[in-house]
Amino acid sequence: MAIDVLGAGFGRTGTKSLKTALEIIGFGPCYHMTEVKENPGHREAWNAIAFGRAEPDWDALFDGYRAAVDWPATHYWRELAAHCPQAKVILTIRDPEDWHRSYINTISHVVHQPVPPEAPEDAHLHRDTIRKIIVEDTFQGRDRDPVYAVGAYLARLEQVARTIDLDRLLVYDITTGWKPLCDFLGVPIPPEPFPHKNTTEEFLSQDLQKK
């Protein structure tokens, strides 16, 4: 596996924009929640990892990828940072209250809905996985509690800053654009505007089974 960039930030901190940006500057393909459905067997693999039925085979799971951001990968940022000691780590951030509002209107809105009975079995597995790693393991079932959820968000920032060496870490607000990202990764700034992807409206307009 040749993962060069790992995302340690929660979903809804600009991870889809970061995925697109990394692919533009040569660190692609980049694994993201949207990739799970596109890879045969990945929903089953993540479910087995989340519920402890299988040890993760990171090399197989990320075969062909140069970067990984967003859930489910970011839930295992410690393990992946240790497994890929050469990889740079990007901690995406945004205003905590803004982050939680966005999370409630998107991921939480989806994950607390039942999967349609006619959906394929792997869609049920995927929803179970996301509930486990986000709602249960990350927020202890309290993702809709703004005080608790924001506390968990801030705790993640502190954990990453305490764990990852400073020369390996970029704390990154995507609104600052290309320069911090490109400087950190040692690549030129591309001519196109920095991408802004997966707004709340875009998220909700997609088929729920893609999430």
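The model is predicted: local features need pLDDT of at least 70, side-chain atom pairs count only at pLDDT 80 or more, and totals for chains, interfaces and linings use all residues. Residues are numbered from 1 along each chain as its sequence is written, and side-chain values use heavy atoms, with hydrogens and water left out.

The C-alpha trace spans about 50 × 35 × 35 Å along the principal axes. Of the 211 residues, 52% count as buried (under 20% relative accessible area, with exposed over 50% and partly exposed in between; 1.4 Å probe, protein chains only). Contacts (heavy atoms within 4.5 Å) were split by sequence separation. Of those with a separation of 6 or more, 74% join residues 24 or more positions apart.

Eleven helices and five strands are present. These are DSSP runs numbered from the N terminus: H or I of at least four residues for helices, E of at least two for strands.

Two helix pairs were examined. Helix α3 (residues 42-50) packs with helix α8 (residues 121-136) at about 35 degrees, with the axes 9 Å apart. Axes are lines fitted to C-alpha atoms, for helices over the stretch in contact, and angles run from 0 to 180 degrees between N-to-C directions. The crossing of α3 and α8 is left-handed (the near helix is turned anticlockwise from the far one by less than a right angle; clockwise is right-handed). From α3, R43, E44, W46, N47 and A50 take part; α8 supplies D122, A123, L125, H126, D128, T129, K132 and I133. Five of these contact residues are nonpolar, three polar and five charged. Nonpolar covers Ala, Val, Leu, Ile, Met, Phe, Trp, Tyr, Cys and Pro; charged covers Asp, Glu, Lys and Arg; the others, Gly among them, are polar.

Helices α6 (residues 96-105) and α9 (residues 146-163) pack at about 115 degrees, with axes 10 Å apart. Their crossing is right-handed. P96, E97, W99 and H100 of α6 meet P146, A149, V150, Y153 and L154 of α9. This contact has seven nonpolar residues, one polar and one charged.

No disulfides were counted (cysteine sulfur pairs within 2.5 Å). The C84 sulfur lies 13 Å from its closest cysteine sulfur, in C30, too far for a bond. C84 is buried, at 2% relative accessible area. For C182, the closest cysteine sulfur is also in C30, at 14 Å, again too far. C182 is buried, at 1%.
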